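Hi,

Here is the structure I promised to pass on.

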Amino acid sequence: MSLLSWFDWINPTNPFASLFMGILFSIFLGITVWVETKERRKATVTTIIGIVVTCIGVGILTAAGYYG
């Protein structure tokens with residue numbers, strides 16, 4: 001099984017895919033915040049919070065046995 005599949009953006013199949021997609025979406029969200037507000041601090045905080053929430057979510061799902 002490869003690390004990433006084409007459908008991992010919809011339903012991640014392993015913890016690496018979840019982290020990758022979560023971090024990618026968090027960076028995209030940070031860029032969107034920066035474009036809308038032009039404030040680097042808000043964009044950075046948004047990105048960091050998104051990455052932290054992603055890591056916590058992947059940890060909880062891994063502990064619960066979601067990834068098999």
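To begin with the packing, α1 passes α2 in a right-handed crossing (the near helix is turned clockwise from the far one by less than a right angle). Please keep in mind that this is a predicted model, where local features need pLDDT of at least 70, side-chain atom pairs count only at pLDDT 80 or more, and totals for chains, interfaces and linings use all residues. Residues are numbered from 1 along each chain as its sequence is written, and side-chain values use heavy atoms, with hydrogens and water left out.

The axes of α1 and α2 lie 8 Å apart, at an angle of about 160°. That makes α1 roughly antiparallel to α2 (angles over 145 degrees count as such).

Buried here means under 20% relative accessible area with a 1.4 Å probe, protein chains only. In α1 the buried residues are A17, S18, M21, G22, S26, G30 and V33, and α2 is part of what covers them. In α2 they are A43, T47, G50, T54 and V58, with α1 included in their cover.

As for the ends, a side-chain oxygen of N14 comes within 3.2 Å of the backbone nitrogen of F16 at the start of α1. After α1 comes K38, with a positive phi near 60°, while G65 follows α2 with a positive phi near 85°.

Best wishes

How values were computed: Buried means under 20% relative accessible area, exposed over 50%, partly exposed in between (1.4 Å probe, protein chains only). Helices (H or I, at least four residues) and strands (E, at least two) are DSSP runs, numbered from the N terminus. Contact means heavy atoms within 4.5 Å. A polar contact is a pair of N or O atoms within 3.5 Å; within protein, one must be able to donate a hydrogen and the other to accept it, and residues adjacent in sequence count only if both atoms are side-chain atoms. Axes are lines fitted to C-alpha atoms, for helices over the stretch in contact, and angles run from 0 to 180 degrees between N-to-C directions. Angles under 35 degrees count as roughly parallel, over 145 as roughly antiparallel, 65 to 115 as roughly perpendicular and the rest as oblique.
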